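Here is a short walk through one protein chain. Keep the structure open while you read.

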Amino acid sequence: MEQSELSNYLTDEESIKTRTALFNKYVYPYRNLIYHICIKNTASEDDIRDNYNEVLLNFYKYVCTYDPSRSVKTWIYAVTSRCIFDLENKRHRFRRTGEVGCVEIEQLSDELLDENELSSNCISPDNYQELFSDEVLCALQMLKPMYRDPLLLQVSGYKLDEITEMLHQQGSLKTPNIETTKSRIFLAKKQLRELLTRDGKRKKRESND
């Protein structure tokens with residue numbers, strides 16, 4: 001949505017009325033759950049209230065995107081967790097070199113290629129381009145979005161069930177099948193290992209000459 005369209009959407013009287021009704025029906029009853037998720041995922045106690053208010057504002061802006069045929073608690077958890085990760089990442093700007101939050105920059109490509117599940121809070125789908133080297137970014141761009149997106153969500157710290165629900169909401173999965181998510185992440189890492197060394201360098205192709 002363009003900025004002008006978003007502005008009109010947020011200020012339109014009918015839109016405000018509709019969003020208020022939906023917010024009171026689907027979000028407000030779960031305010032305690034939202035606050036609990038904020039407590040769990042916020043690094044500093046001083047930022048919990050700010051994150052909580054920002055999450056509620058985010059829900060109010062985009063509550064019309066909720067599909068009532070889906071589990072409201074799953075939706076609440078996924079949206080709240082993603083919003084807090086974004087807020088925390090914006091709050092802690094990362095440098096290109098040296099330490100990046102709790103992970104050294106040299107370790108990022110190694111984590112990306114690791115076959116085990118990942119749980120880093122230092123990378124997000126919004127900031128990964130600032131953290132990976134040009135060679136890693138080039139390799140990621142060679143992956144189809146259906147493989148790259150779930151991998152980046154896993155690197156960001158999302159659990160498999162959360163990733164599955166998010167992909168389903170986005171329309172990338174026809175059904176919320178966690179096995180499909182696992183398969184796509186596995187194939188994404190397999191393709192990256194064919195392109196990159198463990199330290200994130202592009203592999204040299206063997207010459208036929």
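A residue is called buried under 20% relative accessible area, exposed over 50%, and partly exposed in between (1.4 Å probe, protein chains only). This is a predicted model: local features need pLDDT of at least 70, side-chain atom pairs count only at pLDDT 80 or more, and totals for chains, interfaces and linings use all residues. Residues are numbered from 1 along each chain as its sequence is written, and side-chain values use heavy atoms, with hydrogens and water left out.

Confidence comes next. pLDDT is the predictor's confidence in each residue, from 0 to 100. The protein chain averages 77, and 71% of the residues score at least 70. Two stretches need care. Over residues 93–107 pLDDT stays under 50, and the model has 28 contacts for them beyond four places in sequence; contact means heavy atoms within 4.5 Å. Residues 117–121 also stay under 50, with 15 such contacts. Where pLDDT is low, the predicted coordinates should not be read in detail.

Now the aromatic rings. Rings of Phe, Tyr and Trp (its six-membered ring) pair if their centres lie within 6.5 Å; planes under 30 degrees apart count as stacked, over 60 as edge-to-face and the rest as tilted. The count comes to five aromatic pairs. One of them joins Tyr26 and Tyr66, edge-to-face, at 4.9 Å centre to centre with 65° between the planes. Tyr26 lies in helix H2 (residues 13–27) and Tyr66 in the loop between helix H4 (48–62) and helix H5 (72–91), so this pair ties together parts 40 residues apart in sequence. Helices (H or I, at least four residues) and strands (E, at least two) are DSSP runs, numbered from the N terminus. Tyr26 and Tyr66 are both buried. With Phe59 and Trp75 they form one aromatic cluster.

Tyr35 sits in helix H3 (residues 31–41) and Tyr52 in helix H4, so the link spans parts 17 residues apart in sequence. Tyr35 is partly exposed at 27% relative accessibility, whereas Tyr52 is buried at 10%.

Move on to helix H8 (residues 134–141). Val136, Leu137, Ala139 and Leu140 are buried there.

Finish at His168, in helix H10 (residues 160–170). His168 is buried, with a relative accessible area of 16%. Beyond its neighbours within four places in sequence, His168 contacts Arg70, Leu173, Lys174, Thr175 and Pro176.
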